[in-house]
Amino acid sequence: MRIRIVDAFTDRAFAGNPAGVLLLDSFPDDDRLQKIALEVNHAETAFAHRLPEGGAADWALRWFTPATEVAMCGHATLATAHVLRTTGAHEGTVRFATRSGVLVATPREDGSITLDFPTAPLTAVEVPAGVGDALGAEPRSTFDTGPNVGDLLVELADEKTVHALSPDLRALGTYSERGIIATARAADPAQGYDFVSRCFFPNVGIDEDPVTGSAHTALAPFWSERLGSTVLTGLQASQRSGRVRTELRGDRTLLSGHAVTVIDGELLA
């Protein structure tokens, strides 16, 4: 098996969110997929195989963290579309059959790729007891992000507070299916981004995700309503950092970013 490591939502190596990408003839059993993802040990490893022509999708796509399969992953989808384009395995727009329905990736002239994902349905909820202590900052508001994303979105006071977070990860795991999206308005939009976020997913084996496409399907409607614009840019303020351009289109959200292949090798086992 050919395996590639791709840094997604960045235009330079060793930034953004790394993902493993394997293009296969078919999917092996789930246990083998999970073992490969654990060996790769990045937030997600994507497995894809070509589908017969004439159907609703061009490639089947699945995503695994080191601990489990997930229903949606933005950065590994971007990484897979990047590999298909740069290797010539697929030209132009590609449709992926996934657990979250058909997801579309479209390459752009500037080298970026735009993903068409379902918008997360946000539901305001009371601030759960203890979540401020677990996160290390008092929430302004909290929202459920629905079944595809599976996180608790937590609005914090300001960008400085988001950068300074040092949460109790074990405690955070009790508040949602996957984890916590912490976010705040950008301190200075002149820096090229409108909001900032950090994502902690202890329930799927990811302490802090570097750049999370799926989270931006919730961040886009949240900040679009507050900032009065359907087109925004989010900075995910992890150690690796990365930016996601979002465009809200009703029940769909467009996520755009670049990707860079940093490792190209062969899986021998």
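Gly228, whose phi is positive at near 75 degrees, follows helix α7 in this predicted model. Helix α7 spans residues 216-227 and is mostly covered, with nine of its twelve residues buried (under 20% relative accessible area, with exposed over 50% and partly exposed in between, for a 1.4 Å probe and protein chains only). Among the buried residues of α7 are His216, Phe222 and Trp223. Helices (H or I, at least four residues) and strands (E, at least two) are DSSP runs numbered from the N terminus.

Positive phi values also occur at residues other than glycine. Phe9, in the loop between β1 (2-8) and β2 (17-24), has a phi near 60 degrees. Phe9 counts as buried because its relative accessibility is 3%. Asn41, in the loop between α1 (30-40) and β3 (44-50), has a positive phi of about 65 degrees.

The largest pocket holds about 210 Å³ of space. A pocket is an open set of points on a 1 Å grid over the protein atoms alone where a 1.4 Å probe fits, with protein on both sides within 12 Å along at least five of seven lines; lining residues have an atom within 4 Å of a point. The volume is the space filled by probe spheres set on the points, which are joined across faces, edges and corners. Of the 14 lining residues, Val70, Ala71, Glu177, Arg178 and Val204 lie nearest the centre of the largest pocket. β5 (69-70) and α4 (146-149) each give two or more residues to this lining, and α4 gives the most, with three.

Residues are numbered from 1 along each chain as its sequence is written. Local features need pLDDT of at least 70, side-chain atom pairs count only at pLDDT 80 or more, totals for chains, interfaces and linings use all residues, and side-chain values use heavy atoms, with hydrogens and water left out.
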